[in-house]
Amino acid sequence: MWNARVLRTQLPSHYHKLWKMYFAGFAALLFSRVAIVVAHAERDTSQSYFDIYQGPNEQDSIINDPSAQLDYTLSGGEAYPNPYMSDRLGTTGPLLISSTNLIEQLAHFVRERVPERIVHAKGAGAHGWFEVTTPVAANYSMAKVFSEVGKRTPVTARFSTIAGNLGNPDTVRDLRGLAFKLRTEDGILDWVFINHPAFWLRDPAKFPHFIHSQKRNPQTNLLDHNNFWDFLSANNESTYQVMRAMSDLGTPYGFRHMNGFSANAFRAVKEDGSWVYIKISAYTDQGIRNNTNDEAIVQAGVNPDFGVQDLYDAIATGNYPSWTIYWQTLTPQQAENHKYNVLDLTKEWLVEDVPLQEIGRITLVQHPSNHFAEVEQIGFDPAHLPYGLEPSEDPTLQARLFAYADAQRYRIGVNHKQLPINCPLNPVANFLRDGAMNFNNQGNRPNFLSQQDMLQLAPRPYNDDNHTIWVGGAVKYLSTPTELDFDLPRIFWNGLSERDQNNLIYNVIWHLGQASNMDIRTKQCRIFQHVNETLGQAIAKGVNVTL
């Protein structure tokens, strides 16, 4: 203190004020550090000093606040006077790199899109619930989602076209997807359906080839009718789906007036380990309604988003769409004796052979508040199956168990299941850590199966060792079309009304007639002729082919 007084007396008088300010600042800094130390010593160290979710929780708390209650900020939360402003030299000089507001907007703008889905790109979505309406499912499965009549489970649905791009009209001739995400107490259950009970193929390695044939020509970037019919005419197992897609079922009236089907077989398992094969169907309560080919073309031009708008408007007016859910069941013994291979995706289980059994109803009552967050970012995975439901050995389903989730890892990231729309409602605890955009990295728990802090392991609820027994070694396999592949096409044709038969012929002529390759036209006409002579000759005449 004496030295300080000496130093002060030696200073010029005009520095005395600065000295007081310096000393006061030093004292404030000193005592503030002492206060921090004391506070740290008194703090309960069992409690986190900083909650990393405080920021996300704050953003969540204002997500639906009106704009009039909020001030404009940069992405870091800093206030900024006007989103149109930029930093520049004077009023006529160049812009400056300090224009954070401008740089943020331009940089984010060109990164707004995630890769569109290769299939199912164009779609619409809504929220609602699944309600158990009968005890049927509980009689076959131990899954808690079916445990009691009247039980409701939150659902998000997404409806889509399949082959087209994100900007394509949603009324064009194509299959449609109906996907339902059920958030059960035992985890996510994803039902990923199409609007037909069968599919174009049963060998999963054909799938990329099939989709490429439906997409744009790599040279012209145009849809190519030669490519479309080239694949189908070379793979006769597709005939049933070809005929369904070329009927008026191929142009449904929006998304509300069509049925959905799992097409693949699954297994329902009871507590004692006994099981049955199941196929799942969603029958529209709005009634089936389709466009004709000409009506679909007009609708695509008048309103290319008709399906999206029709779903939105129905919910907005309280006309809530719903689908009754059914199971078809076969015991292992019944499956062995069934006339079709139950693991063949090109085959339908006809309801007269395997009756429908109602299990519940899905009702949609709520719009997404943000389409991108809740419809574009939603990801479905048929491997999401709580105990009581298991996949079958259908090879196409086995491929889907990998491909669906992997498509979302590519599109929206390895941590896409942490996104709010994909997140389960029950606790998640595992060893999937780190990766891009991880915002729930499971804290300080071990990232391996540690004996120091052991993660509890739930017991297996049933013994599935003997669910299926296979004989033989690994082989490279490709199915071969047989006469059985023409059974369902003939049943379908004979079941159509005269009007629907004429529409199918007209639709095929319109579509196949745009294939310029006469060899492909002829080959496809012979396939139709093999289904039915009248059908084949009528189409051949319409596309100038002589059989």
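1. A quick word on terms before the details: contact here means heavy atoms within 4.5 Å. Also bear in mind that this is a predicted model.

2. Let's begin with Arg 400, which sits in helix α13, residues 395-412. Is Arg 400 buried or exposed? Its relative accessibility is 15%, and the cut-off for buried is under 20%, so Arg 400 counts as buried. Leaving aside residues up to four places away in sequence, Arg 400 touches Val 192, Ser 262, Asn 264 and Pro 382. Ala 383 is 17 residues from Arg 400 in sequence, and their C-alpha atoms are 8.0 Å apart in space.

3. Now the cores. The largest nonpolar core has 43 residues, and Trp 229 and Leu 535 have the most contacts inside it. A second, separate core has 36 residues, including Phe 159, Trp 191, Phe 193 and Leu 389.

4. Which residues does Leu 535 touch, not counting those up to four places away in sequence? They are Met 243, Trp 493, Leu 504, Ile 505 and Phe 528. Keep Leu 535 in view, as it comes back in point 6.

5. Next, the helix pairs. Two packed helices are described by the angle between their axes and the distance between the axes. For α8 and α14, the axes come within 8 Å and cross at roughly 25°; the two helices are therefore roughly parallel to each other. On the α8 side the residues are Thr 239, Tyr 240, Met 243 and Arg 244, and they meet Leu 488, Pro 489, Phe 492 and Trp 493 in α14. By class, this contact has 6 nonpolar residues, 1 polar and 1 charged.

6. α15 and α17 have axes 9 Å apart and pack at an angle of about 40°, which makes α15 oblique to α17. α15 passes α17 in a right-handed crossing. From α15, the contact uses Leu 504, Ile 505, Val 508, Ile 509 and Leu 512, while α17 brings Leu 535, Ala 538, Ile 539 and Gly 542. Sorted by class, the contact of α15 with α17 has 8 nonpolar residues, 1 polar and no charged.

7. How do α6 and α7 run, roughly parallel or roughly antiparallel? Their axes come within 7 Å and cross at roughly 150°, so α6 is roughly antiparallel to α7. His 209, Phe 210, Ser 213 and Gln 214 of α6 make the contact with Asn 227, Phe 228, Phe 231 and Leu 232 of α7.

8. Thr 522 is found in helix α16. With a relative accessibility of 17%, Thr 522 counts as buried. Not counting residues up to four places away in sequence, Thr 522 touches Val 545 and Leu 547.

9. Last, a loop residue. Ile 63 lies in the loop between α3 (54-61) and α4 (100-109). Ile 63 has a relative accessible area of 62%, and the cut-off for exposed is over 50%, so Ile 63 is exposed. Asp 203 is 140 residues from Ile 63 along the chain, and their C-alpha atoms are separated by 46 Å.

Key:
Residues numbered from 1 in each chain as written. Predicted model: local features only at pLDDT ≥ 70, side-chain atom pairs only at ≥ 80, totals over all residues. Heavy atoms only, no water. Core = buried A, V, L, I, M, F, W, Y, C linked by side-chain atoms within 4.5 Å. Buried < 20%, exposed > 50% of the residue type's maximum accessible area, 1.4 Å probe, protein only. Axes fitted to C-alpha atoms, helices over the stretch in contact; angles between N-to-C directions. Helix = DSSP H or I, 4+ residues; strand = E, 2+ residues; numbered from the N terminus. Parallel < 35°, antiparallel > 145°, perpendicular 65-115°, else oblique. Nonpolar A, V, L, I, M, F, W, Y, C, P; charged D, E, K, R; others polar. Left-handed = near helix turned anticlockwise from the far one by under 90°.
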